[in-house]
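Visitor: I would like to learn how to read a model of this kind, feature by feature. Could you take me through one?

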Amino acid sequence: MSYNYIELISLVLLAIGCFFILSGSLGLIKLPDVFSRIHAAGLIDTLGSGFIVLALIIYSGFSLLSLKLLLIPLFLIFTSPVTGHAIALFAHESGYKPRGKNKK
Amino acid sequence: MAKLNKDSLKTLSFITYFVILFVFWFILSGYLKSLLLFFGLVSVLFVFWMSYRAKALEEDSLPLKIILRLPFYWIWLFKEIFKSGVTTTALIWNGKYSPQLISVKASQNNRTGIANYANAITLTPGTVTIEIDKKTFLVHALSKKLSEDLQTDDMNKVITDLDK
C-alpha cells in the first residue's frame, strides 16, 4: 500500500518538473532577446532538473544511488550559472542591447 | 567557534578538504574492500597534492569557515530559486515581462564571496549577472518585481553573513 503512495508522490513531482521544462522551452521561443532567453534556460536547469531528480530519489528509495543522484543538482548549482553568465557577458561585450517588450 | 590562529585554521581546513574528497570518492564508488579503499586513498592524496600545487587552497577558498553553514544556505537558496522560478514561469505564460538592466552593489570582501553572490543571482531564474566591475554587478532582470526583490538586498546580506 505504501508503495503506491511513493509512486504517486514521485509521479506528481515528475509532472511538476516536466511542467517547468515545458515552460522553459516555451520561454526560449517566446521571449524577445538573448538575455531574456537565458532566464528561460536557467529555469530548465534549476527547477526542471531539480524536481525530476527529487522524484527519482523518492522513487528509488534511500540508498547509495540516491546520494549519487543528489550530486547531479549539486554540480548543476555550480555549472549552470557559469554558462549563463558566459553567454550573457559575451552578448553584452559584442554590443547587444536588451530589448523591452514593446520596442522593436 | 573559538578564535583560531592562522596556521591551525589552515591545517584544519586541509583536513576538512581531505575528508570531503574521500567521502566524495566513497559516494561515487561504493566499495568497502580494504584494497580498493587503499587505492581510493592514494587517488585522493594525488588530487589533494594537485590542488595544493595549483594553489587552489589559498586563503580565499578554505572550506572550514563556511562548511557548517553551507547546508542551511543551500536550503535557503533552493527556496529562493523556487519562489523566483514560479514568478518567471508565470511571466512566460502570461507574457507580462518587461526586461530591464539594474546595477547591484555587493558587500562581500573576498573573491569567493563575490563569486558566490553573482552565482546566486544567476541561479535564481529571472535574474542574470552580466558583468562584474569590482563590487558592482550589472544585472538583467525579466520584470520589475524581480529586480525589486533583488534590490531589497536580502540575498546580499545572507551571503555576506555566510563568510563571517
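Guide: What follows goes through a sheet, the helices across it, a core and an interface.

Guide: This is a predicted model, in which local features need pLDDT of at least 70 and side-chain atom pairs count only at pLDDT 80 or more, while totals for chains, interfaces and linings use all residues. Residues are numbered from 1 along each chain as its sequence is written, and chains are lettered from A and ligands numbered from 1 in the order in which they are written.

Visitor: What is the order of the strands in the open sheet of chain B?

Guide: Strands of a sheet pair through backbone hydrogen bonds, either parallel or antiparallel. Here the three strands follow the order β1-β3-β2 in chain B, with antiparallel pairing; strands (E, at least two residues) and helices (H or I, at least four) are DSSP runs numbered from the N terminus, and two strands pair if DSSP finds at least two bridges between them. The edge strands, each pairing on one side only, are β1 (100-105) and β2 (127-133) of chain B. Between β2(B) and β3 (residues 136-141) of chain B there are six bridges, and Thr129(B) faces Val139(B) across that pairing.

Visitor: Which strands does helix α5 of chain B lie across?

Guide: Helix α5 (residues 144-151) of chain B lies across β1, β2 and β3 of chain B, at about 5° to β1(B), where axes are lines fitted to C-alpha atoms, for helices over the stretch in contact, and angles run from 0 to 180 degrees between N-to-C directions. Contact means that C-beta atoms, placed from the backbone, lie within 7 Å.

Visitor: Which residues of α5(B) are buried?

Guide: An α-helix has 3.6 residues a turn, so residues three or four places apart point the same way. In α5(B) the buried residues (20 or more other C-beta atoms within 10 Å of their own) are Leu146(B), Ser147(B) and Leu150(B). They line one face of the helix, because seen down the axis of α5(B) they fall within an arc of 95°, taken from the directions from the axis to the C-beta atoms.

Visitor: How many residues does the largest nonpolar core have?

Guide: That core, a set of buried Ala, Val, Leu, Ile, Met, Phe, Trp, Tyr and Cys residues joined through C-beta atoms within 7 Å, has 37 residues, and Ala120(B), Ile121(B), Val139(B) and Leu150(B) have the most contacts inside it. Helix α2(A) gives the most to this core, with 11 residues.

Visitor: How many residues of chain A are in contact with chain B?

Guide: There are 31 residues of chain A in contact with 25 residues of chain B. On the chain A side, α3(A) gives the most, with 12 residues.

Conventions: Two residues are in contact if their C-beta atoms, placed from the backbone, lie within 7 Å. A residue is buried if 20 or more other C-beta atoms lie within 10 Å of its own, exposed if 12 or fewer, and partly exposed in between; C-beta atoms are placed from the backbone.
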